[in-house]
Amino acid sequence: MEKVKITVVYDEGALPNTNLIGAIGMSILVEADGRRTLFGLGHRPRYLEHNLSSLDIEPDSIDQIVVSHRHIDHFGGLAGFLKGRERPIDIYAPAGAWGGKKTVFGPTGIFEPEEFTGKTVRHDITDWVQLSDHVFVSPPLTDNGSEESFLVISSSSGPLLISGCCHPGLDHVFEAVKAKFGRYPTALIGGLHILKKQDKLADLYAQYLKDVDCRRLYLNHCTGVNGINRMRVTLGLKGINDFYAGQSIEFNLV
């Protein structure tokens with residue numbers, strides 16, 4: 001049966017006894033339908049470049065990049081990716097995620113470094129985008145003016161949701177997926193933006209996931225160690241899987 005393979009390239013955590021770097025940011029490789037999609041680029045270019053090399057992932061083997069939103073820990077590693085690439089790369093992102101050159105306060109959004117002019121092809125996400133037979137990008141969902149898109153994979157067990165930070169709120173995102181695919185996600189991968197001292201949000205999300213029967217949880221990035229441990233109070237120690245740089249999971253496709 002055809003499968004999708006999902007590998008963490010960049011995260012705050014990294015597998016022990018490897019040379020992978022753990023640092024603030026997210027990058028996840030999705031391999032499905034004979035294509036490779038990189039979801040996020042992490043924060044620091046040299047860390048992304050290092051982890052790609054350590055995992056034997058050639059930048060030229062990537063077919064497209066999806067950036068969920070304009071926070072630098074999801075696009076800051078672009079120069080590190082482009083450094084090892086010969087061909088231009090398609091980048092899908094909400095229009096609000098694009099910006100200008102770095103300022104004293106940091107970059108205002110995704111921008112193409114001058115030394116790599118012509119190596120990126122911009123695609124603004126305005127509606128559902130189908131990247132391949134089983135891989136989709138959601139339209140930007142909003143939260144107080146901030147836009148965020150999500151990756152959804154149509155699998156034999158239902159939609160698989162890959163989240164950057166889930167700023168719009170978990171229920172909002174799940175309802176959008178259900179409206180498109182006819183059911184709630186059966187697996188959730190990525191970040192939920194549960195910061196320290198947000199036990200109430202962690203409890204709310206854990207109970208919601210339990211109520212909608214989303215049982216395959218592989219959380220990382222901004223969910224945080226505290227957030228994951230708090231959610232385990234409701235979901236059990238084995239109810240959430242850690243998902244660090246260097247780890248992979250596979251699902252059967254439809």
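Which strands and which helix do the buried residues of α3 pack against? In this predicted model, they pack against the strands β9 (141-143), β11 (151-155), β12 (158-163) and β13 (187-190), and also against the helix α4 (199-211).

Helix α3 itself runs over residues 170-181, and its 12 residues reach 16 Å from the first C-alpha to the last, close to the 16 Å expected at 1.5 Å a residue. The buried residues of this helix are Leu 170, Val 173, Phe 174 and Val 177. They cover an arc of only 95° around the axis, which puts them on the same side of α3. Just after the helix, Gly 182 takes a positive phi of about 85°.

Elsewhere in the chain, Ser 68 lies in the loop between β4 (64-66) and α2 (78-83). Ser 68 counts as buried because its relative accessibility is 1%, under the 20% limit for that class. Its side chain is joined to that of His 69 by a polar contact of 2.7 Å, and, leaving aside neighbours within four places in sequence, Ser 68 is in contact with residues including Phe 39, His 74, Pro 94 and Glu 147.

| Feature of the second largest pocket | Value |
|---|---|
| Space | about 150 Å³ |
| Lining | 13 residues |
| Part of the lining given by α5 (residues 224-235) | five residues |

Of the lining residues, Gly 224, Val 225, Ile 228, Asp 242 and Tyr 244 lie nearest the centre of this pocket, while helix α5 gives the most to its lining.

How values were computed:
Residues are numbered from 1 along each chain as its sequence is written. This is a predicted model: local features need pLDDT of at least 70, side-chain atom pairs count only at pLDDT 80 or more; totals for chains, interfaces and linings use all residues. Side-chain values use heavy atoms; hydrogens and water are left out. Helices (H or I, at least four residues) and strands (E, at least two) are DSSP runs, numbered from the N terminus. The expected span of a helix is 1.5 Å times one less than its number of residues. Buried means under 20% relative accessible area, exposed over 50%, partly exposed in between (1.4 Å probe, protein chains only). The arc is that of the directions from the helix axis to the C-beta atoms. Contact means heavy atoms within 4.5 Å. A polar contact is a pair of N or O atoms within 3.5 Å; within protein, one must be able to donate a hydrogen and the other to accept it, and residues adjacent in sequence count only if both atoms are side-chain atoms. On a 1 Å grid over the protein atoms alone, a cavity is a set of points where a 1.4 Å probe fits but cannot get out, and a pocket is an open set with protein on both sides within 12 Å along at least five of seven lines; lining residues have an atom within 4 Å of a point. Grid points are joined across faces, edges and corners, and a volume is the space filled by probe spheres set on the points.
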